[in-house]
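Subject: Structure handover

Hello,

Here is the structure I promised to pass on. My notes follow below it.

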Amino acid sequence: MNQPVVNPLIDQIRDLGPWHHNIRLTEAIEIMDAYDEQERQRVNNNNISLINSQSAFENKTKCIYPNGLQGKRFLDCACNGGGYCFWAAEMGADAVFGFDVRDHWIRQAEFVKSHRTVAPVDNIQFETCDLMTLPERQLEPADFTLFKGIFYHLADPIRGLKIAADLTREVLWLNTARCFTDNTESLYCTFEKPENLMSGVHALSWTPSGPSVVGKMLYWLGFRDIRHVFSKQYEDRPRFGRMEVIAAREPGMLDRLAEVENAEKVDVAAFKNSKQATDEMKSLF
Ligand SMILES: C[S@@+](CC[C@H](N)C(=O)[O-])C[C@H]1O[C@@H](n2cnc3c(N)ncnc32)[C@H](O)[C@@H]1O
């Protein structure tokens, strides 16, 4: 059995919980050290799992930006405890901005920022903010935007995605819940509870039925290379699952990612000019 870690930060970490992102603070301590095995799973952690995503994030990011993130601005929409912001800064990003609608998560991100000694943190900024009000801040656009776990928590996801896309110069990385329906391209509508720390705050939510749904939105928003990185279906709830779609404004930037991750093109341009698209439109008149 693992010995409990004795460190003065442990109590502070526990006070700020529950946590979703496991982040290393110092050579000696990372967030998960404050929790036992059961707590790291959803049990006793307010039904929120503690995830380790640094290496997956770094591996995919290196496929897109092989020389690291030097010279790039990184934007994380719904940054939660800030994990991806810290890892982007560690990969050399010039400027990092993460925001989340909940103070709970931004308090965690600020705590990590003030104790993290294993990588630079000075160029990272966090704010509590609702995505829908982000345009009011008149931010400088980012090169690389993460839109993970947020699409399906919005009452108006197309406007939300547009807000992020309009602030993105090069690449937008979208990861979302998806549903599996009978071959139709749709958004599944449901309600969610704002009191859940991981949910949206507007109580209405829309889940896309597959990569071509968000692919068409991203094409409409000006992205010309759109890749379906993965989809998975939950065994215990087969109507639902997860998918990842990464989009670049210019073709070429995602070639390596496509090769390494076997990420198929979401070929919206071909569809847009097809007879099927024309016929579908006519039948709506
Ligand atoms: C499923 S979690 C995903 C967190 C993180 N992006 C990740 O992938 O690990 C959803 C996050 O979205 C935040 N959120 C929900 N609605 C939001 C909104 N309108 N604006 C900003 N953040 C929001 C929640 O507070 C929560 O941290």
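Strand 8 (residues 225-233) and strand 10 run antiparallel and are joined by 2 bridges. Across that pairing, His228 stands opposite Glu264 in strand 10. Two strands pair here if DSSP finds at least two bridges between them. Helices (H or I, at least four residues) and strands (E, at least two) are DSSP runs, numbered from the N terminus.

Before the rest, a word on the source. This is a predicted model: local features need pLDDT of at least 70, side-chain atom pairs count only at pLDDT 80 or more, and totals for chains, interfaces and linings use all residues. Residues are numbered from 1 along each chain as its sequence is written.

A hairpin of 6 residues joins strand 8 to strand 9. Within that pairing, Arg227 has Ile246 of strand 9 as its bridge partner. Phe230 has Glu244 of strand 9.

What does strand 9 (residues 240-248) do with strand 5 (residues 168-179)? The two pair in the antiparallel sense over 9 bridges. There, Trp173 stands opposite Ile246 in strand 9.

Overall form

The protein has 10 helices and 10 strands. Its C-alpha trace spans about 65 × 40 × 40 Å along the principal axes. The radius of gyration is 19 Å, which agrees with the value near 19 Å for a compact globule of 285 residues. That radius is taken over C-alpha atoms, and the globule rule is 2.2 Å times the number of residues to the power 0.38.

Of the 285 residues, 38% count as buried. Buried means that 20 or more other C-beta atoms lie within 10 Å of the residue's own; exposed means 12 or fewer, and partly exposed is in between, with C-beta atoms placed from the backbone.

Take contacts between residues at least 6 apart in sequence: 66% of them join residues at least 24 apart. Two residues are in contact if their C-beta atoms, placed from the backbone, lie within 7 Å.

The core

The largest nonpolar core has 72 residues. Those with the most contacts inside it are Phe74, Cys77, Cys85, Ala88, Phe147, Leu172 and Val245. Helix 4 (residues 83-90) gives the most to this core, with 6 residues. A nonpolar core is a set of buried Ala, Val, Leu, Ile, Met, Phe, Trp, Tyr and Cys residues joined through C-beta atoms within 7 Å.

Which residues does Cys85 touch, leaving aside its neighbours within four places in sequence? Cys85 is in contact with Phe74, Asp76, Cys79, Val96, Gly98 and Ile124.

Ile124 also gives a distance. Lys272 and Ile124 are 148 residues apart in sequence and 40 Å apart in space, C-alpha to C-alpha. Lys272 lies in helix 9 (residues 268-272). Lys272 counts as exposed because it has 12 C-beta neighbours inside 10 Å.

The ligand

The ligand is surrounded by 17 residues. The closest are Ala78, Asn80, Val101, Leu131 and Gly149. A residue counts as near if its C-beta atom, placed from the backbone, lies within 6 Å. The shell divides into 8 nonpolar, 5 polar and 4 charged residues. Ala, Val, Leu, Ile, Met, Phe, Trp, Tyr, Cys and Pro count as nonpolar, Asp, Glu, Lys and Arg as charged, and the others, Gly among them, as polar.

Backbone points to check on screen

Gly17 and Pro18 are joined by a cis peptide bond, with omega about 0°. Pro18 is in the loop between helix 1 (9-15) and helix 2 (37-40).

Gln138 is not a glycine, yet has a positive phi of about 45°. Gln138 is in the loop between strand 3 and strand 4 (142-148). With 6 C-beta neighbours inside 10 Å, Gln138 counts as exposed.

Asn262 is not a glycine either, and has a positive phi of about 55°. Asn262 is in the loop between helix 8 (255-261) and strand 10. Asn262 counts as exposed, with 11 C-beta neighbours inside 10 Å.

Best wishes
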